[in-house]
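Here are a few notes from going through the model you sent. Have the structure open while you read.

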2 protein chains.
Amino acid sequence: MAQEKKLVEAITSMSEDFAQWYTDVVVKADLIAYSSVKGCMIIKPDGYAIWENIQHELDRRFKETGVQNVYMPMFIPESLLQVEKDHVEGFAPEVAWVTHGGLSPLQERLCVRPTSETLFCDFYKDIIHSHRDLPKVYNQWCSVVRWEKETRPFLRSREFLWQEGHTAHATAEEAEARTVQMLNLYADFCEEVLAMPVVRGQKTEKEKFAGAEATYTIEALMHDGKALQSGTSHNFGQNFSKPFGIQYSDKNNQLQYVHQTSWGMTTRLIGAIIMVHGDDSGLVLPPRIAPTQVIVIPIQQKKEGVLEKAAEVTERLGKTMRAKLDDSDKSPGWKFNEAEMRGIPVRVELGPKDIEAGKCVLVRRDTREKIECPLDQVETKVAELLETIQKDMFERAKAHRDSHIWDAHNYAEFTEIANNKPGFIRAMWCEDEACENKIKEDLAVTSRCMPFNDQEHISDVCACCGKPAKKLVYWGKAY
Amino acid sequence: MAQEKKLVEAITSMSEDFAQWYTDVVVKADLIAYSSVKGCMIIKPDGYAIWENIQHELDRRFKETGVQNVYMPMFIPESLLQVEKDHVEGFAPEVAWVTHGGLSPLQERLCVRPTSETLFCDFYKDIIHSHRDLPKVYNQWCSVVRWEKETRPFLRSREFLWQEGHTAHATAEEAEARTVQMLNLYADFCEEVLAMPVVRGQKTEKEKFAGAEATYTIEALMHDGKALQSGTSHNFGQNFSKPFGIQYSDKNNQLQYVHQTSWGMTTRLIGAIIMVHGDDSGLVLPPRIAPTQVIVIPIQQKKEGVLEKAAEVTERLGKTMRAKLDDSDKSPGWKFNEAEMRGIPVRVELGPKDIEAGKCVLVRRDTREKIECPLDQVETKVAELLETIQKDMFERAKAHRDSHIWDAHNYAEFTEIANNKPGFIRAMWCEDEACENKIKEDLAVTSRCMPFNDQEHISDVCACCGKPAKKLVYWGKAY
């Protein structure tokens, strides 16, 4: 029992210190290790397996919409980064610079890509000539580097893994449609696969991507009431194609500039999964993304026939889901705690009495509910249970999110909510950046998005300055 | 017809200029584009899809042997790179150095990983304590950077994609077994999936990896008779664990140093596929790795019912293989040439007369053989044909390889072969590095490997110096 206690004690409780709880879970659930390179993390097998599952499912959905994968160099010459003015201003302060190759200084500095718009533009300029060459709908899976000062595993690290899609289109309408399509793909993925509800909307001018005409975003609410930007999709219009000279001849043989988009999701999503679903016993993984979906834990495994039966059950489960047997020599209690820490959706407990009675016990990670199950129905029962857990986890996260959305009609209400009620604040806004700046300075709250789907008019005036209201905005403290 | 001619004329013939033929194929088959970063390439959709197929199949085989994927930082602090003396000597002259993060100089330079032994050692030192923590069998898929002076697409580029496995074991025997296991996995993969025969053997001291105790290699023969090192597996013994201090307590509670291995394969394999199987019409892809395995090309597609039937056939094929329809408005001849250039294993020709007769024509890319096929059997016939092509491609490559292996018993024979007969040279060696150096200097020929499987004793003396022979060596000019 001493062992079990130690493992559980090792996690700070959420209510005591949410930030410390997060760090504890990330480390104790074996997702990452710190490396000797400051601000860069090592993604351990369980963490990486989650990322592989995310990749696999996202990539499948991308390809269904006609996306093709490519790979671009990891370096960007300084002169190339500088072609688009806003873009270089946004990124130059936080890039890593390569100045030497082997023993010799380089003629021109290269930055390690923080994002690859400039490389894709340079490429598209060479391969797009005619309307027949359009659209180009390319994506790459890679790592990028941003030299952040404050870092946290998954949420903000100097190097992170992501995908970045970059497209070129003949018309503004087609580019806009692709921008929206990918945002919706991201949102559906988060809701269906990560069991994480999101608000879909547009970023304000202040918060949009460096170089974009419009940035669309999905915003999720973490357990502590802070928002997390979980995916973005940008419409560049012709902001890049003009400085880069990406032109095609249209059907009338007229030269036109292309319209472009880009969109990305990152390993940050793993941080979101932790903070949306986790609890004081550790990680709680949505079944569709869990590296191990069900773990079989034998009780009194030294008794004759127990391990054999447990192995048989695991093998049967393994045919249709990701199943594992814990036959290590630890105590069952230790194994239960470890399975909970790692967030495995279902555990199967199986002892000599169960075997005699032809049954086993299924335990849900999310609710801890115990369910008796006839051994000969274990595959179908566990499969059903995984579906139920996936659905319930989404509903619970949605209920939590929905109960943490607060309407503010004036600055007094806004301030009171920001100081006392964690969650999203819905409030009208005049579209003046000065109000965003004031709110950020006073309350450390930023505009998350102007939602697409519930642009209600909840007040006639801006909640900050009292001038005529133009947009409903979701505000929040954010990661 | 002008179009078709242009496409074909665009490739230099192999016999005229093999190097130019290779470059032409790489570009015209749309595998890569050159980038604005010297020595770095852009991998285009068809090139990347080949890599994805390689990744998918290798990763599956890895996981069957218990490999777990992780992700390590892309940067290595200079002090960490320097811990193992031979290793830093081997790699320091060809790494890219990051000296600035954002606007500030770094306290310590970071190199962009050329390989990650040092990072894995630093990680293993922290996570390995007891014999229960062993073995560790980790792998990562990533890109690495080596600042080469002369570069060629896929074969030698400053940045390339690869996987690198790094393992730690309790005993020397276990490390040796893993080194051999992975080399055999690589060899089987090359032969079964890439249809490329390889020689399995050990590198000489001179040619082994910087820091390894032993390096095993697979060597393939390209169409021009040059060798290509296609995968390597290294046994480090305790060469890294001692300087890095990676110790575990064994069952008797004694501290022991771990035994380590590493093994890698790269995008270089795509270069090998091109140079083993390609011909004067372009790429020839083994079916198991081809992004498109069968392409349906309608003849007189404007005639009623032709496009519909072609689409229906493509859809039927698409259920069990990677099938595509070319319904573009190019001429059939142009489409045939394009499909050949891209190396698509089978094309299906389908015109109004075929449809009327209830048949189609299958054309093999590798032999150009045309086969009539009843339309209602097209799925099974194409599937069989793909298997046949895969098998025939391997047999043809093996016959070519085997007919380009020459035995040399003395230096006159060695010189004559090196100057006149492209291929591998089998010759005895005294194990003195001076002979390797002389052969390299005189003839630009290097020792490729000491083969595992045919260590015949073809002569009593070293073919270079005449001293007593110790090993049979495969020699060759190499990429």
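1. Strand S5 of chain A (residues 96–101) gives the most to chain A's side, with six residues.

2. Keep in mind that this is a predicted model, where local features need pLDDT of at least 70, side-chain atom pairs count only at pLDDT 80 or more, and totals for chains, interfaces and linings use all residues. Residues are numbered from 1 along each chain as its sequence is written, chains are lettered from A and ligands numbered from 1 in the order written, and side-chain values use heavy atoms, with hydrogens and water left out.

3. S5(A) also runs antiparallel to strand S5 of chain B (residues 96–101), with five bridges joining them. In that pairing, A:Gly101 sits opposite B:Ala96.

4. Four salt bridges link the chains (Lys or Arg side-chain nitrogen within 4 Å of an Asp or Glu carboxyl oxygen). One of them joins A:Arg132 to B:Asp329 at 3.3 Å, N to O.

5. Away from that topic, A:Ile297 lies in strand S15 of chain A (residues 294–298). A:Ile297 is 35 residues from A:Pro332 in sequence, yet their C-alphas are 7.0 Å apart.

Key. Helices (H or I, at least four residues) and strands (E, at least two) are DSSP runs, numbered from the N terminus. Two strands pair if DSSP finds at least two bridges between them.
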